[in-house]
Amino acid sequence: MSAQRPTPAEWQPIQSLLQAGLPQAMLAVGESGSLVGQYCDELQQVALCFAPSAQGLSCGTCRSCRLLVEGNHPDLLVITAETGKRIAIDAVRHANDFLAYTPQVSARRWLRVEPAEALTAAAANALLKTLEEPAARAHILLLSERPSQLLATIRSRLQRLSFPAARPGQCVLWLEGLGIPPAEALWLSRQFANRPLRAWQLWESGWVTRCPSWIDMLLSLPQQSPVAALRLADNWAKDVDLLLLRELMLSLLADLLRLRNHRPDSIVHVDYLQSLEVMAQSTQAISLWETLEEWIRLPESLAQNRNVGMMLETLLLNWISIWSREKVHGITS
Ligand SMILES: [Zn+2]
């Protein structure tokens, strides 16, 4: 899969930073699967590269660049956490040792922590000491989806990087370039314009074919009884990826809010315009916002190891309760 490289104009702020001297403690903010991850790849590559271009991009051919492609660069350490898991203090202790050594190949040592909000409190405190007094030639880049969840003491040590925003049409062109048929590429890019890597992952997972049946079930649920919601929760708890369901719910709720604001041209699920329009006009915006909040907070609830089945029951019951006072009629997909 080919990466999306920034244009020289887009990369100008980063190039200025490279010329002025890269900060030792940096923060990049972006959702998972967004371009920010790829831009962080480019930044770490150019920071370690022997012969960066005048535009601040890596050469792609020097020893450092080749080692990075092989995933074998001794001056790069990446600490990651799986979804819902935390980064423990041992990983940070190891990283602190790594940063204390002099670089072996490049001019710097580079630590990347992703996502930074996954650090446990102990791990964050261990990292804080290194952020306060980083070794010479050590650089630390934290990637975060939700920087508000980082310790304030950590945030205050970091310089936030400003990466280019996605260009209009960039996502769909990239997806088509990877061989996705135009109709599916367009459909994915409507939902994930700012998160092309996420769109690609979903394409690979076969989500495009499963998604319509999920939407049908979710949109017909408010016309059914709470028992139907409980039954669906029971089924989905067994084999549905809750975070994937969350992405779908967030996009449906955003569409309902757009329709309440009379912006049918900007909705994602255009094939469901008629059903969504009926639903949007028979509820209050405040109920939609409250429901949106619940789904936004889902990863935190999951991280607390709550019972998935019960969480799903509550979420689906709350979803149908949006329309329970004013029953929706005539929803068809
Ligand atoms: Zn290079």
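Rings of Phe, Tyr and Trp (its six-membered ring) pair if their centres lie within 6.5 Å; planes under 30 degrees apart count as stacked, over 60 as edge-to-face and the rest as tilted. Counted this way, the structure holds seven aromatic pairs. One of them joins tryptophan 319 and tryptophan 323 edge-to-face, with 4.9 Å from centre to centre and 80 degrees between the planes. Ring pairs also link Trp11, Tyr39 and Phe163 into a cluster.

Before going further, a word on what you are looking at. This is a predicted model, in which local features need pLDDT of at least 70 and side-chain atom pairs count only at pLDDT 80 or more, while totals for chains, interfaces and linings use all residues. Residues are numbered from 1 along each chain as its sequence is written, and side-chain values use heavy atoms, with hydrogens and water left out. The predictor's confidence in each residue is its pLDDT, from 0 to 100. The protein chain has a mean pLDDT of 90, and 96% of its residues reach 70 or more. Over residues 326-333, pLDDT stays under 50. For that stretch the model has 20 contacts beyond four places in sequence, a contact being heavy atoms within 4.5 Å.

Now for the overall picture. The protein chain has 16 helices and five strands; helices (H or I, at least four residues) and strands (E, at least two) are DSSP runs, numbered from the N terminus. Its C-alpha trace spans about 70 × 45 × 30 Å along the principal axes. Of the 333 residues in the protein chain, 48% are buried. Here buried means under 20% relative accessible area, exposed over 50%, and partly exposed in between (1.4 Å probe, protein chains only). Among contacts between residues at least 6 apart in sequence, 73% join residues at least 24 apart.

Cys49, Cys59, Cys62 and Cys65 coordinate the zinc ion through their SG atoms, at 2.3 Å. Donors are N, O and S atoms within 2.8 Å of the metal (3.2 Å for Na, K and Ca); water is not among the atoms, so sites may look incomplete. The angles among the four donor atoms run from 104 to 117 degrees, and the site is tetrahedral. Four donors count as tetrahedral if all angles lie between 85 and 135 degrees. For four tetrahedral donors, the ideal angle at a metal is 109.5 degrees. Along the sequence, the donor residues follow the spacing C-x9-C-x2-C-x2-C. Cysteine 49 and cysteine 59 both lie in the loop between α2 (35-48) and α3 (63-69), so the pair ties together parts that are ten residues apart in sequence. Cysteine 49 is buried, at 10% relative accessible area, whereas cysteine 59 is partly exposed, at 29%. Cysteine 62 is buried, with 10%.

What about disulfides? With a disulfide taken as a pair of cysteine sulfur atoms within 2.5 Å, the count comes to zero. Cysteine 211, for example, is in no disulfide, and the nearest cysteine sulfur, that of cysteine 171, is 15 Å away. Cysteine 211 is buried, at 0% relative accessibility.

Cysteine 171 leads us to helix α7 (residues 170-177), whose buried residues are Gln170, Cys171, Val172, Trp174 and Leu175. These buried residues pack against α2, α8 (182-191) and α9 (196-205). After α7 comes glycine 179, which has a positive phi, near 100 degrees. In helix α8 you can find glutamine 191, which is buried at 15% relative accessibility. Beyond its neighbours within four places in sequence, glutamine 191 is in contact with Trp207, Ser251, Val268 and His269.

Serine 144 is buried, with a relative accessible area of 1%. Leaving out residues up to four places away in sequence, serine 144 touches Leu27, Ala28, Val29, Gly30, Ala116, Glu117 and Leu150.

Our last stop is helix α16 (residues 308-321), where leucine 315 has its place. Leucine 315 is buried, at 6% relative accessible area, and its contacts beyond four places in sequence are Glu294, Trp295 and Leu298. From leucine 315 to proline 147 it is 168 residues in sequence and 26 Å in space, C-alpha to C-alpha. As for the tryptophan pair from the opening, tryptophan 319 is buried at 0% relative accessibility, and tryptophan 323 is buried with a relative accessible area of 0%.

How values were computed. Tetrahedral: all angles 85-135°; square planar, octahedral: opposite > 155°, others 65-115°.
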